[in-house]
Structures are given as structure tokens and as C-alpha cells.
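Please keep the sequence and the structure in view while reading.

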Amino acid sequence: MELWCEENQWRTGQLSWCLCGKCQPMTSAVESMCCREVDAFWALVENLTPRPDITCLTLHPGFEACCLNPFVLQIADMNFRQEHGPLQASRHEQYRYTAYRQVIRWAYGVLGRHIRKPLPSCVVSAIRRQFPEGGGTYKGFEWPHFGDDQ
């Protein structure tokens, strides 16, 4: 992935790579990808039966239900807290973190501790729109810090 990021640094801050029409410019190459470019995410759309004409994962009927619904996210957060303890974060930051985890679980299943996958720009943007940060400053994707218990 590191080599991919180096070779795709040109994606940062622009959108010519977006295939779904829902992506937003991102601040890093690893976050500058479209749902249609990543098999695990796009397969969620392709596996719909019957498959409606959906151009982006964020338009999938399961996306809003599982990843943007605050009630679903509250339950998912309770499961997280049972295993790892509470997050020291604002409500919207908790919702964003939990929504990101939900999308990864939906696309990849259980990955295991310290295994992280970047999310497509369109997905991150939809989650940030639903649960905005007051100052508009977001952390962005981070690779795992080994030795970190979260």
C-alpha cells in the first residue's frame, strides 16, 4: 500500500480518479480512492439482487441503514465498549468512528486487531456530512500504531 500511495500522490486534493460522482478531495493519497475502485466495497453493490442502478456504495440501501443510522451506531458502539472500553470522544466523533468500523465490517468481515483498511472518499464524506466535526477538522486515516491496545 505504501508504494501505491507514493505512485498515486497526484490524487490528493482533486477528483479526476472518482468514478461514482460522490467523492470529495482528500488530504492524502490513501484516502483518495473511490468505492468503485475497491472490490470489497463495490461487491456490496454488485451483489444486490435485483441490482438497481446504483452508482455509489453510499446509495446502497444498506449504507444508510447500517452506517448512518444513529440507533444502529449506538448499539454497535455498545459492542465496541464492551470489548475495548469507552472512546474519549464527542458524540459525533463516536458516531463517525463507529460508522467507519461498520463499513469495514460490512465489506471485509472481521479483520482483527491492528488491521486497518482505508475507506473510499465517498464513504468518508457521507459519514462526515451525517456527523460533522464542529471545527471541520478531521483526523483522517491512520495506519495502526503497534503496541497500541485499540
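The model is predicted. Its mean pLDDT is 86, and 89% of the residues reach 70 or more. The protein has 6 helices and 0 strands, and buried residues make up 39% of its 150 residues.

**Overall architecture**

- Read from the N terminus, the order of the elements is α-α-α-α-α-α.
- Of the contacts between residues at least 6 apart in sequence, 57% join residues at least 24 apart.

**The nonpolar core**

- The largest nonpolar core contains 34 residues.
- Within this core, the residues with the most contacts are Cys20, Cys35, Phe41, Phe63, Val103, Val123 and Ile127.
- Two or more residues of the core come from each of helix 2, helix 3, helix 5 and helix 6 (121-130).
- Cys35, one of the core residues with the most contacts, is in contact with Cys20, Phe41, Trp42, Cys56, Leu57, Pro120 and Cys122, when neighbours within four places in sequence are left aside.

- Cys56 is in no disulfide, and the nearest cysteine sulfur, that of Cys20, is 3.5 Å away.
- Cys56 counts as buried because its relative accessibility is 0%, and the limit for a buried residue is under 20%.
- Cys67 is likewise in no disulfide; the nearest cysteine sulfur belongs to Cys66 and is 5.8 Å away.
- Cys67 is also buried, with a relative accessible area of 0%.

**Helix 5**

- Helix 5 covers residues 91-108, which is 18 residues.
- From its first C-alpha to its last, helix 5 reaches 26 Å, close to the 26 Å expected at 1.5 Å a residue.
- The buried residues in helix 5 are Gln94, Tyr95, Arg96, Thr98, Ala99, Val103, Ile104 and Ala107.
- Gly109 follows helix 5 and has a positive phi, near 80°.
- Thr98 is found in helix 5 and is buried, with a relative accessible area of 5%.
- A polar atom of the Thr98 side chain lies 2.8 Å from the backbone oxygen of Gln94.
- Beyond its neighbours within four places in sequence, Thr98 is in contact with Leu73, Ala76 and Asp77.

**Helix 6**

- Helix 6 is mostly covered, since 8 of its 10 residues are buried.
- Those buried residues are Ser121, Cys122, Val123, Val124, Ser125, Ala126, Ile127 and Arg128.
- Helix 3 and helix 5 are included in what covers the buried residues of helix 6.

- Ser121 lies in helix 6 and is buried, with a relative accessible area of 0%.
- The side chain of Ser121 has a polar atom 2.7 Å from the backbone oxygen of Gln24.
- Not counting residues up to four places away in sequence, Ser121 touches Trp17, Cys23, Gln24, Met26, Glu31 and Met33.
- Cys122 also lies in helix 6 and is buried, with a relative accessible area of 1%.
- Cys122 and Ser32 are 90 residues apart along the chain, yet their C-alpha atoms are separated by 9.3 Å.
- With neighbours within four places in sequence left aside, Cys122 is in contact with Cys20, Lys22, Cys23, Cys35, Cys56 and Thr58.

**A partly exposed loop residue**

- Arg51 lies in the loop between helix 2 (39-46) and helix 3 (61-68).
- Arg51 counts as partly exposed because its relative accessible area is 44%, and this class lies between the 20% limit for buried and the 50% limit for exposed.
- Apart from neighbours within four places in sequence, Arg51 is in contact with Trp42, Val45 and Glu46.

Definitions and conventions:
Residues are numbered from 1 along each chain as its sequence is written. Side-chain values use heavy atoms; hydrogens and water are left out. Helices (H or I, at least four residues) and strands (E, at least two) are DSSP runs, numbered from the N terminus. Buried means under 20% relative accessible area, exposed over 50%, partly exposed in between (1.4 Å probe, protein chains only). Contact means heavy atoms within 4.5 Å. The expected span of a helix is 1.5 Å times one less than its number of residues. A nonpolar core is a set of buried Ala, Val, Leu, Ile, Met, Phe, Trp, Tyr and Cys residues joined through side-chain atoms within 4.5 Å. A disulfide is a pair of cysteine sulfur atoms within 2.5 Å. pLDDT is the predictor's confidence in each residue, from 0 to 100. A polar contact is a pair of N or O atoms within 3.5 Å; within protein, one must be able to donate a hydrogen and the other to accept it, and residues adjacent in sequence count only if both atoms are side-chain atoms.
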